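Please look through the sequence and the model shown below. The report after it is meant for a reader new to this structure.

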Amino acid sequence: MLDEDEFLGPYGIRSLSRHHAAHPYSFQVQGQTYGVGYLPAESDSGMFGGNSNWRGPVWFPVNVLLIRALLNLHAYHGEEFTVECPTGSGHRMNLYEVARELSGRLTATFLRGPDGHRPVHGAQAKFAKDPHWQDLLLFYEYFHGDNGAGLGASHQTGWTGLAAVTATLFHQVGPQDWGALRDEHLT
């Protein structure tokens, strides 16, 4: 999950490993080969209405559930339990720090990069450069697995609005707070 060549993308956890871009999963049924490949944005076929949905894009609800699970696991395992994040980096983090890292990647979808561009705007020049639009943020249904561009419906304030919640959470709740919750529940 924490390998940047697989699920961990610059803007969250992808719904399918990027590994499948070069190595699509394939199987045969009655002499015909079928496959599932990594599609970081929209589908390349009309199957399922032309929407690749779960074949590579970043979905905020899934990411928030992962953040919650990591925080719960941190409350149980504590500060000493660490994992390499990202995989292969040599950098170790406890699970609270991994959850915060993932939250930061989700938030980065909406923040200006060094070039002044917000990944959520993708290649839409009107939203990216027009001074009347560039600070207006849309909460898309899902996001490109590699570049963070908003995709699908642009009014998903319910689940994509969770980006604000996770960003706020890590400014108000520290790792010691999760440890205190663990201690409280154990007694």
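## R118 and its surroundings

Leaving aside neighbours within four places in sequence, R118 is in contact with T109, F110, L111, R112, Q134, D135 and L137. The model in which these contacts are found is a predicted one. R118 belongs to the loop between α2 (95–108) and α3 (125–129). Its relative accessibility is 11%, so R118 counts as buried, since the cut-off for buried is under 20%.

## The protein as a whole

The secondary structure comes to 6 helices and 8 strands. Read from the N terminus on, the elements follow the order β-β-β-β-α-β-β-α-α-β-β-α-α-α. Along the principal axes, the C-alpha atoms fill a box of roughly 55 × 55 × 30 Å. The protein has 187 residues, and 38% of them are buried. Among contacts with a separation of 6 or more, 49% are accounted for by residues 24 or more positions apart.

## Helix α1 and its two partners

Helix α1 covers residues 60–77, and helix α5 covers residues 162–172. The table sets out the packing of α1 with α2 and with α5.

| Pair | Angle | Axis distance | Residues in the contact |
|---|---|---|---|
| α1 and α2 | about 160 degrees | 8 Å | 12 nonpolar, 4 polar, no charged |
| α1 and α5 | roughly 25 degrees | within 10 Å | 8 nonpolar, 1 polar, no charged |

How do α1 and α2 run relative to each other, parallel or antiparallel? Their axes are 8 Å apart and the helices pack at an angle of about 160 degrees. That makes α1 roughly antiparallel to α2, because angles over 145 degrees count as roughly antiparallel. The crossing of α1 past α2 is left-handed. On the α1 side, the contact is made by F60, N63, L66, I67, L70, L71, L73, H74 and H77. On the α2 side, L95, Y96, V98, A99, L102, S103 and L106 take part. Sorted by type, the residues of this contact are 12 nonpolar, 4 polar and no charged.

With α5, the axis of α1 comes within 10 Å and crosses at roughly 25 degrees. α1 and α5 are therefore roughly parallel to each other, because angles under 35 degrees count as roughly parallel. α1 passes α5, too, in a left-handed crossing. Here F60, V64, I67 and L71 of α1 meet L162, A163, T166, L169 and F170 of α5. The residues of this contact divide into 8 nonpolar, 1 polar and no charged. F60, I67 and L71 of α1 are listed in the contact with α2 and also in the contact with α5.

## The hairpin of β3 and β4

Strand β3 (residues 25–29) pairs with strand β4 (residues 32–36) in the antiparallel sense, over 5 bridges. V29 stands opposite Q32 in β4. The two strands form a hairpin with 2 residues between them.

Which residue in the turn has a positive phi? In the turn, the phi of Q30 is positive, at about 50 degrees, although Q30 is not a glycine. Most residues other than glycine have a negative phi, and most peptide bonds are trans. Q30 is located in the loop between β3 and β4. Is Q30 buried or exposed? With 84% relative accessibility, Q30 counts as exposed, because the cut-off for exposed is over 50%.

## Other loop positions

S43 is found in the loop between β4 and α1. The relative accessible area of S43 is 16%, so this residue is buried. From C-alpha to C-alpha, S43 and G12 are 19 Å apart in space, and in sequence they are 31 residues apart.

A cis peptide bond, with omega about -10 degrees, joins C85 and P86. P86 lies in the loop between β5 (82–84) and β6 (92–94).

E141 sits in the loop between α3 and β7 (142–143). Which residues does E141 contact, leaving aside its neighbours within four places in sequence? They are W59, L151, G152, A153, Q156, W159 and T160. E141 and G113 are 28 residues apart in sequence, with 22 Å between their C-alpha atoms.

Notes: Residues numbered from 1 in each chain as written. Predicted model: local features only at pLDDT ≥ 70, side-chain atom pairs only at ≥ 80, totals over all residues. Heavy atoms only, no water. Buried < 20%, exposed > 50% of the residue type's maximum accessible area, 1.4 Å probe, protein only. Contact = heavy atoms within 4.5 Å. Axes fitted to C-alpha atoms, helices over the stretch in contact; angles between N-to-C directions. Parallel < 35°, antiparallel > 145°, perpendicular 65-115°, else oblique. Left-handed = near helix turned anticlockwise from the far one by under 90°. Nonpolar A, V, L, I, M, F, W, Y, C, P; charged D, E, K, R; others polar. Pairing = 2+ DSSP bridges.
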